[in-house]
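This report describes how two protein chains meet. The sequence and the model are shown first, and the description follows.

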Number of protein chains: 2
Amino acid sequence: MAATTVSNKRVILKRYVTGFPSEEDMEVVTAEAPLMAVPAGSEAVVVKNLYISCDPYMRNRMTHHEVPSYVADYVPGEVLTNYGVMTVISSGHPDFKAGDLVWGITGWEEYTMIDNPESLSKINHPDLPLSYYTGVLGLPGLTAYAGFFEICKPKKGDYVFISAASGAVGQIVGQLAKITGCYVIGSAGSDEKVNLLKTKFGFDDAFNYKKELDLDAALKRYFPKGIDIYFENVGGATLDAVLPNMRLRGRIAACGMISQYNLDNPDGVHNLFYIVTKRLRMEGFLVFDYNEMYHRFEEEMAAYLKEGKIIYVEDVVVGLDAAPAALIGLFTGRNVGKQLVAVSQE
Amino acid sequence: MAATTVSNKRVILKRYVTGFPSEEDMEVVTAEAPLMAVPAGSEAVVVKNLYISCDPYMRNRMTHHEVPSYVADYVPGEVLTNYGVMTVISSGHPDFKAGDLVWGITGWEEYTMIDNPESLSKINHPDLPLSYYTGVLGLPGLTAYAGFFEICKPKKGDYVFISAASGAVGQIVGQLAKITGCYVIGSAGSDEKVNLLKTKFGFDDAFNYKKELDLDAALKRYFPKGIDIYFENVGGATLDAVLPNMRLRGRIAACGMISQYNLDNPDGVHNLFYIVTKRLRMEGFLVFDYNEMYHRFEEEMAAYLKEGKIIYVEDVVVGLDAAPAALIGLFTGRNVGKQLVAVSQE
């Protein structure tokens, strides 16, 4: 097969970010694409990117860390990378062939040569929307599943509170909690999102935290008996308000703290002594530690989706030109549901 | 037996405390003692108090709580209560007889009538110092044992950091950690205490936190590879400095936060996002939840003490007149080792 090159639109990091990121920290450029066929003897694959995922943890990667962070820093001038859904165009790897649908780490660009295709997963349920593999069937889904069942250890009847509840992870946690027989309240940052939680995701109730002057009072109103499980996505003032409202032996799954990611000095949390008096367990987790659960999760979640027991809402922008704004929008709460970018029509 | 009464010196709470407590918040008074013989038909016991324990958690009980706290508030005008070691003088209960040595909740006074003697425990190792049942063989010992083994889940070779390390609990945690094969560093608030940690309790090293301008730098110096287990007794700035220095999947046993007990507004802790990125587990516990472990603990600890594998240092003041100052001294760090009051010669 003759090697051909085509142009390749891509999103690069322009400069390291401090404080709140902006679209200008990234740049959409057009470069020469990788070879459209893998060289003889290589085990790489070339993919065409269909959907790429916008996730809050990417903010951490946009900052230069003197001491390595938990994920590698992006490099100014180089393409951003994250999870996506792709079609294999050319493969030198025995496990993949042209036309295969896969998901895994790829570039924020039209075409990517992936040198380690072992990191890619086949899409086993192509009858569901392919974009779901950036969300409910991808890492956000596994994050919700592992975090809720492995860290929160839910029991039927538990009182569950979820912050950023309409987001990529929160909406799934809430629905898994309802399936488990819990009482579930979510908070979100707009009335539209609150409405989604109540009408679409089946939360028992929900509130707009921006309209609550006193979060402690709001939590006391929604949880007069207290909270057994708090699924933490935001940190800061919300965590501080939650702590006194936890019940004895409550569990806090620390999944993310998006309210803190753009602060040079994170907010102080004052109510930690409740961890002692209420015998709370607060435990952090990263989805990367639960990869071995993926297959079981994928089958269970695909079944829930096909049976209509779990609904998933996505916020899709079209085209790489819209990707920088979509990523920034995560931090202003612009997205309604899981944010992703449709790079190419399938 | 004829009912006789004698005078009874006692320490009462004079007024509810806000902020830093003082000796003047308590008063030593002389009252009429309870009956020296229990009334016919009663199952109460009358005890003579030998040793009473001064513990930081008593501070919480000196404040009036609108919402009930995790322990009952003391009542102004009434005697303080806490764990002590006692001789039974008179008993209406079939399990106890005059002359029995017991430990349990009693009053800060010379004689106490105890209406529910089921709460008392017999002293099974009277060959060890009786005062040890306010400390290493009492609740501080069980706190150390349960907190370290049940919450910290130590492994040989773990790097262990203990704050307030020469205190009633900390000195035992450190020695249990050494027995387990851990590397152990403690912090304390005076050079005398640091010296104790290094020369008497066998810590691998120790430092005076008051001499460290930069706690983060100190921890990096003492734990270049990071901390697997933090046994938390102080809270606030120390916790904030510990979080970035924890290793992946580290455990923080939240036992107490003495630096915060006299603050109207607890300090803010800023570094909680490390709980996510380092997958930390921070778990609070109260010794009252581990009563069922007591007997196993008592036998194991008594053996360690008799074999000289665990050393215990006490700070004993003599007489109830000295009790208020001894209690206040916990919060200025005056005590060296476990603080207790010898009420009466045995």
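## Salt bridges in the model

How many salt bridges does the structure hold over all chains? The total is 36, where a salt bridge is a side-chain nitrogen of Lys or Arg within 4 Å of a carboxyl oxygen of Asp or Glu. The model is predicted, so local features need pLDDT of at least 70 and side-chain atom pairs count only at pLDDT 80 or more, whereas totals for chains, interfaces and linings use all residues. Residues are numbered from 1 along each chain as its sequence is written, chains are lettered from A and ligands numbered from 1 in the order in which they are written, and side-chain values use heavy atoms, with hydrogens and water left out.

One of the salt bridges joins A:Asp55 to A:Lys338, with the closest N and O atoms 3.1 Å apart. This pair links distant parts of the chain, 283 residues apart: A:Asp55 lies in the loop between β3 (45-53) and α1 (58-61) of chain A, and A:Lys338 lies in strand β15 (residues 338-342). Helices (H or I, at least four residues) and strands (E, at least two) are DSSP runs, numbered from the N terminus.

## The interface of chains A and B

In chain A, 28 residues are in contact (heavy atoms within 4.5 Å) with 28 residues of chain B. The two chains bury about 2400 Å² between them, 66% of it on carbon and sulfur atoms; buried area is the accessible area (1.4 Å probe) that two parts lose on being put together, summed over both. A:Phe273, A:Val276 and A:Arg279 supply 23% of the area that chain A buries against chain B, more than any other three residues.

Four salt bridges cross this interface. In one of them, B:Arg249 is joined to A:Asp289, the closest N and O atoms being 2.9 Å apart. On the side of chain A that touches chain B, β12 (246-254), α7 (273-277) and β13 (281-284) each supply at least two residues.

## Strand pairing and symmetry

Strand β13 of chain A and β13 (residues 281-284) of chain B pair in the antiparallel sense over three bridges; pairing requires that DSSP finds at least two bridges between two strands. Here A:Arg281 has B:Glu283 as its bridge partner.

Chain A can be laid on chain B with an RMSD of 0.0 Å by a turn of 180 degrees and a shift of 0.0 Å along the axis, the superposition being by least squares on the C-alpha atoms of residues with pLDDT of at least 70 in both copies. The two copies are therefore related as by a two-fold rotation axis.
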